[in-house]
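Hi,

Here is the structure I promised to pass on.

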Amino acid sequence: MRMRWFLRSPIIKTSLLNLSPSISLRPHWARRTFTSSSRSSMAAIHNHSNSNSNSETGLARRFWIKFTRESIFAMYTPFVIALASGNLHIDSFHRYIAQDVHFLRAFAQAYELAEECADDDDAKLGICELRKAVLEELKMHNSLVQEWGLDLAKEHGINSATVKYTEFLLATASGKIEGLKGPGKLATPFEKTKIAAYTLGAMTPCMRLYAVLGKKFQELLDSNESTHPYNKWIDNYSSDGFQATTLQTEDLLDKLSVSLTGEELDVIEKLYYQAMKLEIDFFSAQPLFQPTIVPLTKGHKPAEDHLIVFSDFDLTCTVVDSSAILAEIAIVTAPKSDQNQPEDQIVRMLSSDLRNTWGFLSKQYTEEYEQCIESIMPSDRLNNFDYKELSMALEQLSKFENTANNRVIESGVLKGISLEDIKRAGERLILQDGCTNFFQSIVKNENLNSNVHVLSYCWCGDLIRSAFSSADLNELNVHANEFTYEGSVSTGEIVKKVESPIDKDVAIQRFGVILISGYAVIRVSAISWNFLKCFFDICVCSLLLITFFPLKSCQV
């Protein structure tokens with residue numbers, strides 16, 4: 001329990017036991033409302049193409065900027081994370097290459113169809129060059145397949161995600177787009193040119209995504225790195241050649257779209273967005289053979305997936321640390337003199353002695369905590385993540401927390417607190433703005449197939465349960481330390497269950513999350529609750545706010 005949170009400011013002057021429900025301890029933080037952005041019409045963009053910003057930014061670039069949020073899901077799929085880290089199982093990479101071969105063949109065919117539709121010699125030449133680049137990429141894949149001695153036709157059939165993308169791509173290149181005439185019915189060369197533009201619109205997001213991935217992966221490698229098992233793949237997609245091909249694709253899309261109407265640009269936008277979603281599905285469908293921890297996951301399917309949410313409590317759900325609450329309860333309810341103590345109840349410290357003892361314990365905790373953190377922090381910045389060193393540091397922190405908790409127990413400051421007073425304080429505890437609504441949106445949704453677990457260092461689980469119970473959130477599972485009672489009065493002892501980060505990690509693993517497929521996990525701490533609820537409403541989230549453990553495809 002981290003008492004430092006109430007040390008640096010006076011004990012709460014207004015007793016939580018007497019707080020009016022209308023009184024809020026919530027600080028006046030700036031509030032921002034997060035809503036799903038509606039897609040602006042490309043016709044509007046087209047009609048304002050004479051503005052400086054749009055004249056300087058091509059159509060392809062504007063689309064990429066607009067849908068960057070969607071691209072994050074592809075960048076942080078389990079497969080891509082494992083590939084970047086170099087620990088992707090070779091069988092997974094084999095299967096990916098097998099799917100990508102099918103995909104590239106469709107790409108080459110789509111370019112061929114687009115070239116037939118283009119009416120400009122320069123455009124035809126540009127598309128022809130792009131097709132040749134794809135064929136070169138296929139050669140690289142084929143060389144890998146031969147090196148491995150694989151028979152793709154026999155060993156790896158095409159999966160459903162690849163089928164959906166290739167069928168979408170070839171249908172677009174064939175002019176089979178909703179609301180459009182078939183290619184054989186297009187009367188003029190200009191109408192056929194539109195098909196070439198639509199086809200490039202469906203292909204460009206894939207090219208840009210691979211170019212970005214290649215560059216980002218390359219940045220992760222040391223300048224002298226040559227041992228990465230997928231170095232050849234990274235070199236290919238980070239190369240100047242591939243980056244130039246991507247720009248060529250985007251430039252060609254811009255040129256083919258110059259004469260299109262606003263409605264026709266809307267069609268390209270929809271195709272671009274659909275292609276981006278299909279690319280995400282393509283990466284999400286790649287099988288894994290090891291557990292992988294990633295910050296984002298694919299959309300939740302209640303029929304197949306079980307969602308588990310783990311949340312902290314103190315200063316994540318609450319405005320005030322629970323140790324401050326319990327200190328306030330103890331001081332306010334303690335006898336003012338020895339004459340005020342009933343003979344048949346647990347003997348307690350006087351209120352003045354309690355306040356002094358709390359102050360001393362808090363000061364001692366803060367000083368020793370800072371010393372502990374200073375001792376476990378490395379003197380120099382680490383270039384590489386060191387799991388062993390981190391584990392040793394957390395062990396040291398755990399020992400410190402255990403010692404501090406023992407000191408609190410031995411002091412007797414928690415002795416004699418009424419369970420009724422604890423529950424009353426919990427019921428009137430002010431939670432962070434949006435916290436209650438977020439949890440209700442999960443536990444009250446019968447179709448979500450989810451569980452919520454609150455992991456806290458709080459000394460008293462009853463305080464947490466009463467806080468959520470007052471918000472009609474009895475479904476939440478609370479994992480915290482617990483007071484022991486004689487009747488309904490605390491004895492001052494604590495049943496220690498969750499004292500440190502290691503205890504939280506053990507609690508998470510106790511549910512078998514890391515070992516069971518079909519589970520997705522969210523860890524929540526210090527976040528904007530309104531934004532997090534927005535994620536469940538629109539299935540989009542921020543990398544910095546949520547950590548997922550998607551393990552559905554893992555085999556352990």
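Predicted model: local features only at pLDDT ≥ 70, side-chain atom pairs only at ≥ 80, totals over all residues.

Residues are numbered from 1 along each chain as its sequence is written, and side-chain values use heavy atoms, with hydrogens and water left out.

Cavities. Searching the whole structure turns up two cavities of 30 Å³ or more. A cavity here is a set of points, on a 1 Å grid over the protein atoms alone, where a 1.4 Å probe fits but cannot get out; lining residues have an atom within 4 Å of a point. Points are joined across faces, edges and corners, and volume is the space filled by probe spheres set on them. The largest cavity holds about 70 Å³. Its lining consists of D100, F103, L104, F107, V134, E137, C206, M207, Y210, Y237 and F242. Helix 7 (90-117), helix 8 (121-148) and helix 11 (189-220) each give two or more residues to that lining, and helix 7 gives the most, with four. Helices are DSSP runs (H or I, at least four residues), numbered from the N terminus. By class, the lining has nine nonpolar, no polar and two charged residues (Ala, Val, Leu, Ile, Met, Phe, Trp, Tyr, Cys and Pro are nonpolar, Asp, Glu, Lys and Arg charged, the others, Gly among them, polar).

Helix 8 with helix 13. The axes of helix 8 and helix 13 (residues 240-256) come within 10 Å and cross at roughly 150 degrees. Axes are lines fitted to C-alpha atoms, for helices over the stretch in contact, with angles from 0 to 180 degrees between N-to-C directions.

Helix 12 with helix 13. Helix 12 (residues 231-238) packs on helix 13 at about 45 degrees, with the axes 4 Å apart. N236, Y237 and S238 of helix 12 meet D240, F242 and Q243 of helix 13.

Cheers

Terms used
1 Å grid on protein atoms, 1.4 Å probe; cavity = no way out; pocket = protein on both sides within 12 Å on 5 of 7 lines; lining within 4 Å. Contact = heavy atoms within 4.5 Å.
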